[in-house]
Amino acid sequence: MNKTPQLIVALDVDSLGQVRELVEKLEDVVDIFKVGSQLFTACGPAAVRFIQARGKKVFLDLKYHDIPNTVASAVKSATGLGEAVERNADKEKNKEKVQSSLFMYTVHTCGGVEMMKAAVLAGTQVAENIGVKLPLAVGVTVLTSEQKQDNILPLVLERAALAKEAGLQGVVASCHEARHIREKFGPDFVIVTPGIRPAGADVQDQKRVATPKEAMESGSNFLVVGRPIVQAEDPHKAAQQILKELQSS
Ligand code: C5P
């Protein structure tokens with residue numbers, strides 16, 4: 001049986017007000033929120049810290065792709081993005097402050113092995129220095145909006161192999177390639193799948209889409225959903241429906 005993947009909601013919005021509204025609406029059903037280039041460009045690290053302060057995990061999806069030194073420096077800053085959050089220390093509900101850490105970030109695999117290795121090394125050093133958990137580093141293989149459908153699989157597998165060689169914990173890939181990645185790279189390799197559309201939903205600019213159930217059956221660990229939840233009339237209900245589909249499979 002497949003392990004139920006975790007839902008990540010892409011907060012593709014422009015203001016902290018919208019972030020607050022969505023996190024408040026979704027926090028009882030969603031544990032991980034994605035901050036991508038739209039939100040980060042508009043609001044910066046404040047968006048990351050706001051989500052962490054609510055006790056939620058952040059997937060920073062800035063898809064780093066630059067020379068190794070620049071990517072390493074960006075990953076250093078990203079790994080240091082943390083917020084002291086309160087959590088219950090024991091059954092008596094005493095609160096303790098713990099330093100939260102970034103949960104996951106992305107680099108582009110087409111940036112090459114040297115660049116990815118520099119990212120992993122930088123993240124590891126900073127996490128050790130400041131005493132936080134190492135964020136998961138995942139490599140973007142081929143965007144799920146890519147039109148060209150021919151020969152995508154060999155390219156995705158080749159890029160996933162480079163990611164593994166560089167020490168990344170996994171990749172971002174569509175449901176269509178996830179099954180092959182799982183077979184080739186084993187159970188511990190993390191697969192993050194965007195392009196999720198509940199049956200009958202508008203695919204928008206995405207091309208290699210899948211339903212939540214299909215993505216789960218293909219072996220993905222994390223499903224990224226943006227517009228079908230964020231732009232829904234009732235985001236909580238939309239998230240719940242996706243979770244229900246996953247749990248009933
Ligand atoms: O709104 P939608 O569900 O299409 O959003 C998908 C999210 O996943 C977007 O934030 C997009 O940037 C991201 N993503 C993607 N394809 C990738 C990597 C990330 O769609 N390969």
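A quick word on names: helices (H or I, at least four residues) and strands (E, at least two) are DSSP runs, numbered from the N terminus. Please keep in mind that this is a predicted model, in which local features need pLDDT of at least 70 and side-chain atom pairs count only at pLDDT 80 or more, while totals for chains, interfaces and linings use all residues. Residues are numbered from 1 along each chain as its sequence is written, and side-chain values use heavy atoms, with hydrogens and water left out.

Back to H3 itself, which covers residues 45-53. Its buried residues are Ala47, Val48, Phe50, Ile51 and Gln52. Here buried means under 20% relative accessible area, exposed means over 50%, and partly exposed is in between, with a 1.4 Å probe and protein chains only. In general, an α-helix has 3.6 residues a turn, so residues three or four places apart point the same way.

Now have a look at helix H2, where you will find Cys43. Why does Cys43 count as buried? Because its relative accessible area is 19%. Cys43 touches Asp14, Ser15 and Leu16, leaving aside residues up to four places away in sequence; contact means heavy atoms within 4.5 Å. Take Leu16: between it and Cys43 there are 27 residues of separation in sequence, yet their C-alpha atoms are 6.9 Å apart in space.

Next, the strands. Strand E2 has five of its five residues buried, so E2 is largely enclosed by the rest of the structure. Which residues of E2 point which way? Ile32, Lys34 and Gly36 go one way, and Phe33 and Val35 go the other.

Who are the neighbours of E2? On one side, E1 and E2 run parallel and are joined by three bridges; two strands pair if DSSP finds at least two bridges between them. Within that pairing, Ile8 stands opposite Ile32. To get from E1 to E2, the chain goes through helix H1 (residues 16-26), and this β-α-β crossover is right-handed. Right-handed means that, with the strands pointing away from the viewer, the path from the first strand over the helix to the second runs clockwise. E2 also runs parallel to E3, with five bridges joining them, and here Gly36 has Asp61 as its bridge partner.

Strand E1 (residues 6-10) also pairs with E10, again in the parallel sense, over four bridges. Ile8 is partnered with Val224 in E10, and Gln6 stands opposite Phe222. E1 is mostly covered, with four of its five residues buried. In E10, Phe222 and Val224 point one way, Leu223 and Val225 point the other, and all are buried. E10 pairs with strand E9 (residues 190-193) too, in the parallel sense, over two bridges. The chain crosses from E9 to E10 through helix H8 (residues 212-217), in another β-α-β crossover that is right-handed.

Most residues other than glycine have a negative phi. Lys63, in strand E3 (residues 57-64), has a positive phi of about 45° although it is not a glycine. Lys63 is partly exposed, at 29% relative accessible area. His108, in strand E6, touches Lys63, and its other contacts include Tyr64 and Met115. His108 counts as buried, because its relative accessibility is 15%.

Finally, the largest pocket. A pocket, on a 1 Å grid over the protein atoms alone, is an open set of points where a 1.4 Å probe fits, with protein on both sides within 12 Å along at least five of seven lines; lining residues have an atom within 4 Å of a point. This one holds about 650 Å³ of space, where a volume is the space filled by probe spheres set on the points, joined across faces, edges and corners. Its lining has 32 residues, with Asp12, Lys34, Asp61, Lys63 and Gln206 nearest the centre. Which element gives the most to the lining? E3 does, with four residues.
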